[in-house]
Amino acid sequence: MPQSIVRHEHVHLYAAQPLTEAGRELSKAILELRHAEQVQADRSQRISGLGGIDLSALRYLVQAKREQREVSPKDLIVMLGTSSATVTNVIERLVGKGYVLRAQHPTDRRAHYLIPTDAATALVDEVYGGHHGAVVSIIDELDEDAVVTATDVIRRIAATLDELAMRS
């Protein structure tokens, strides 16, 4: 019985059910998507061999490199929303695994930037490519009206959840 609860908890709604059957199905689908995203996040950590904060840091660094932006340890503190000590440990782990290099700041000898290696970029692409590709393939199968409707619903839900988070 305990495993039955665990297997089905992700589709349990902790609020009043939507008024219509279609609304209840949409609610269930959103909860299933949330669960699938969590499974993919766990899969990403397992494939990468990195903890969640290390993988997030690596994703940010790879994205910054693709945008030709430089990221300092201080920037990473803000991006990750954590402490200097934690970011120092994250950087040490990523450098130790060969995923990050430190580059000297051109004018400030005390400062440096963090540069993801080609191995880091390949890892991020491997870890997230299948997941993101699967999402894009489904989106590409939808007709324009379905895409517009889905976009509107998802954005409205996301905005409402963001507002809820801001109140906390």
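Ala 41 lies in helix α2, which spans residues 21-48. Helices here are DSSP runs of H or I with at least four residues, strands are E runs of at least two, and both are numbered from the N terminus. Ala 41 is partly exposed, with a relative accessible area of 33%. The scale works like this: buried means under 20% relative accessible area, exposed means over 50%, and partly exposed lies in between (1.4 Å probe, protein chains only).

The model is predicted, so local features need pLDDT of at least 70 and side-chain atom pairs count only at pLDDT 80 or more, while totals for chains, interfaces and linings use all residues. Residues are numbered from 1 along each chain as its sequence is written, and side-chain values use heavy atoms, with hydrogens and water left out.

**The annotated domain**

- The UniProt record, an unreviewed entry, carries the annotation "domain: HTH marR-type" for residues 19-159.
- UniProt positions are given in the numbering used here, feature names are shortened, and annotations may be inferred rather than shown by experiment.
- Over residues 19-159, the chain is 74% helix and 7% strand.
- The end C-alpha atoms of that stretch are 21 Å apart.

**Helix α2**

- Ala 41 and Val 127 are 86 residues apart along the chain, yet their C-alpha atoms are separated by 9.4 Å.
- Ser 44 is also found in helix α2.
- Ser 44 counts as buried, at 1% relative accessibility.
- Ser 44 touches Leu 55, Val 127 and Tyr 128, not counting residues up to four places away in sequence.
- Contact means heavy atoms within 4.5 Å.

**Helix α3 against α4**

- Helix α3 covers residues 52-66 and helix α4 covers residues 73-80.
- Their axes come within 11 Å and cross at roughly 120°.
- That angle makes α3 oblique to α4.
- Angles under 35 degrees count as roughly parallel, over 145 as roughly antiparallel, 65 to 115 as roughly perpendicular, and the rest as oblique.
- Axes are lines fitted to C-alpha atoms, for helices over the stretch in contact, and angles run from 0 to 180 degrees between N-to-C directions.
- The crossing of α3 and α4 is right-handed.
- A crossing is right-handed if the near helix is turned clockwise from the far one by less than a right angle, and left-handed if anticlockwise.
- From α3, the contact uses Ile 53, Ser 56, Ala 57, Tyr 60 and Leu 61; from α4, it uses Leu 76, Met 79 and Leu 80.
- The residues of this contact divide into 7 nonpolar, 1 polar and no charged.
- Ala, Val, Leu, Ile, Met, Phe, Trp, Tyr, Cys and Pro count as nonpolar, Asp, Glu, Lys and Arg as charged, and the others, Gly among them, as polar.

- Leu 80 lies in helix α4.
- At 18% relative accessibility, Leu 80 is buried.
- Leaving aside neighbours within four places in sequence, Leu 80 is in contact with Ile 53, Ser 56, Ala 57, Tyr 60 and Val 87.
- Gln 68 lies in the loop between α3 and α4.
- Gln 68 is exposed, with a relative accessible area of 76%.
- The phi of Gln 68 is near 55°, a positive value in a residue other than glycine.

**Helix α3 against α5**

- α3 and helix α5 (residues 84-96) pack at about 75°, with their axes 10 Å apart.
- That makes α3 roughly perpendicular to α5.
- Ile 53, Asp 54, Ala 57 and Leu 58 of α3 meet Thr 86, Val 90, Arg 93 and Leu 94 of α5.

**Helix α3 against α6**

- α3 and helix α6 (residues 118-141) pack at an angle of about 105°, and their axes are 10 Å apart.
- That makes α3 roughly perpendicular to α6.
- The contact includes Leu 55, Arg 59 and Val 62 of α3, and Thr 121, Val 124 and Tyr 128 of α6 among others.
- Its residues divide into 8 nonpolar, 2 polar and 5 charged.
- Arg 59, found in helix α3, is partly exposed at 37% relative accessibility.
- Leaving aside neighbours within four places in sequence, Arg 59 is in contact with Val 124, Tyr 128 and His 132.
- Thr 121, placed in helix α6, is buried at 17% relative accessibility.
- Thr 121 touches Val 62, Lys 65 and Arg 66, not counting residues up to four places away in sequence.
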